[in-house]
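Grab your viewer and a pencil.

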Amino acid sequence: MDIRGTTKVCGIIGNPIKHSMSPIIHNYLAKVKGLDLVYVPFETTNAVAAVAGAYELNVLGMNVTVPHKNAVIPQLKEIDSLAANIGAVNTLVRVDGGFKGYNTDILGLKRQLELENVPLKDMDVVIVGAGGAARAVAFLCASEKVKSLTILNRTVSKAEEIANNIKQVFEGFNVSAYTINDYSVLENEKKYVVIQTTNVGLHPNNLEAPIYDKTFYDRVLYGVDIIYNPSKTKFMQLVNESGGQSFGGIKMLLYQGVLAFELWTGTSVSEEEANEVLQLLKKELNIDE
């Protein structure tokens with residue numbers, strides 16, 4: 001593309017950042033939309049200075065990745081309510097006087113579930129893990145009015161912390177926390193939506209799963225793994241072997257980027273355009289299916 005004095009700049013801040021798939025998403029969308037916009041990675045250890053500098057340099061918007069998703073919050077002019085509850089942002093949109101923060105990671109998951117026809121409202125949901133991603137998923141579940149939420153984690157205190165945070169915001173919400181070995185608390189007669197948020201099974205540890213017991217997977221109606229490499233994790237294989245439907249994380253990666261692009265540009269990305277980006281991501285990640 002031609003870079004001019006009129007070219008708008010978006011980017012991503014993090015450390016490290018060289019592995020990011022985001023430039024593929026946004027530069028392709030800018031091209032197909034015919035926008036005078038370029039997206040570049042900014043590796044930085046100083047999120048505070050990066051946010052201030054980006055505003056001074058007239059940057060249109062930024063993505064934020066580890067380790068800065070929490071550190072940027074005090075620097076924001078505004079913050080979306082869901083992102084505020086989660087306590088993490090991954091997308092900054094330029095507003096008068098600064099940036100507004102959003103969490104399109106979790107909005108991307110929401111869009112994926114909607115398009116895959118995986119319901120949340122009035123469903124019994126299990127979250128495996130209790131890290132930052134699990135916290136975001138938990139708040140999404142509460143916002144979408146699931147019937148019950150069970151958080152399973154190796155360290156139960158971390159799961160309990162998320163559950164207590166949820167209860168403070170959503171009074172009366174049905175959420176409980178257990179160690180990951182206590183999955184027998186799940187009722188045999190129920191079918192669950194299970195969202196796997198840990199890094200267990202991430203490449204190159206493709207044969208690992210957070211739980212191996214078939215009796216757990218027999219209760220899974222839909223299994224969603226936020227990992228996108230490999231494209232089919234051991235968790236997903238076990239879900240399928242017990243008759244459930246499974247979904248990987250590549251579409252969450254896709255839609256978090258699409259939503260950020262829409263917020264920055266005010267455009268609407270069609271499903272056809274999103275699918276073109278998906279094929280680019282699969283090619284980059286050597287995913288054949």
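The exercises below work through a predicted model.

**Exercise 1.** Work out whether the end-to-end distance of helix α10 (residues 271-284) agrees with its number of residues.

*Solution.* Start with the count: α10 has 14 residues. The expected span is 1.5 Å times one less than the number of residues, so α10 should span 20 Å. Now check the ends: the end C-alpha atoms of α10 are 20 Å apart, which agrees.

**Exercise 2.** List the buried residues of α10, then say what covers them and what happens just after the helix.

*Solution.* First, the list: E273, A274, V277, L278, L281 and K282 are the buried residues of α10. To read the spacing, recall that an α-helix has 3.6 residues a turn, so residues three or four places apart point the same way. Next, the cover over the buried residues of α10 includes α1 (22-33) and α9 (250-265). Finally, step just past α10, and you'll find N286 with a positive phi of about 60 degrees.

**Exercise 3.** Find S20 and decide: buried or exposed?

*Solution.* Locate S20 in the loop between β1 (8-14) and α1. The cut-off for buried is under 20% relative accessible area. S20 comes in at 16% relative accessibility, so S20 counts as buried. Then follow the side chain: that of S20 reaches the backbone nitrogen of S22 at 3.1 Å.

**Exercise 4.** How many disulfides does the structure hold, and are C10 and C141 buried or exposed?

*Solution.* The disulfide tally is zero. For C10, relative accessibility is 0%, so C10 is buried. C141 likewise has a relative accessible area of 0%, so C141 is buried too.

**Exercise 5.** Describe how α5 (residues 132-143) and α6 (residues 156-169) pack.

*Solution.* Begin with the geometry: the axes of α5 and α6 lie 10 Å apart, at an angle of about 35 degrees.

**Exercise 6.** Which residues is V66 in contact with, leaving aside its neighbours within four places in sequence?

*Solution.* Find V66 in the loop between β3 (61-64) and β4 (78-79). With those neighbours set aside, V66 is in contact with G14, N15 and P16. For one further pair, take V66 and N90: they are 24 residues apart in sequence, and their C-alpha atoms are 9.0 Å apart in space.

How values were computed
Residues are numbered from 1 along each chain as its sequence is written. This is a predicted model: local features need pLDDT of at least 70, side-chain atom pairs count only at pLDDT 80 or more; totals for chains, interfaces and linings use all residues. Side-chain values use heavy atoms; hydrogens and water are left out. Helices (H or I, at least four residues) and strands (E, at least two) are DSSP runs, numbered from the N terminus. Buried means under 20% relative accessible area, exposed over 50%, partly exposed in between (1.4 Å probe, protein chains only). Contact means heavy atoms within 4.5 Å. A polar contact is a pair of N or O atoms within 3.5 Å; within protein, one must be able to donate a hydrogen and the other to accept it, and residues adjacent in sequence count only if both atoms are side-chain atoms. A disulfide is a pair of cysteine sulfur atoms within 2.5 Å. Axes are lines fitted to C-alpha atoms, for helices over the stretch in contact, and angles run from 0 to 180 degrees between N-to-C directions.
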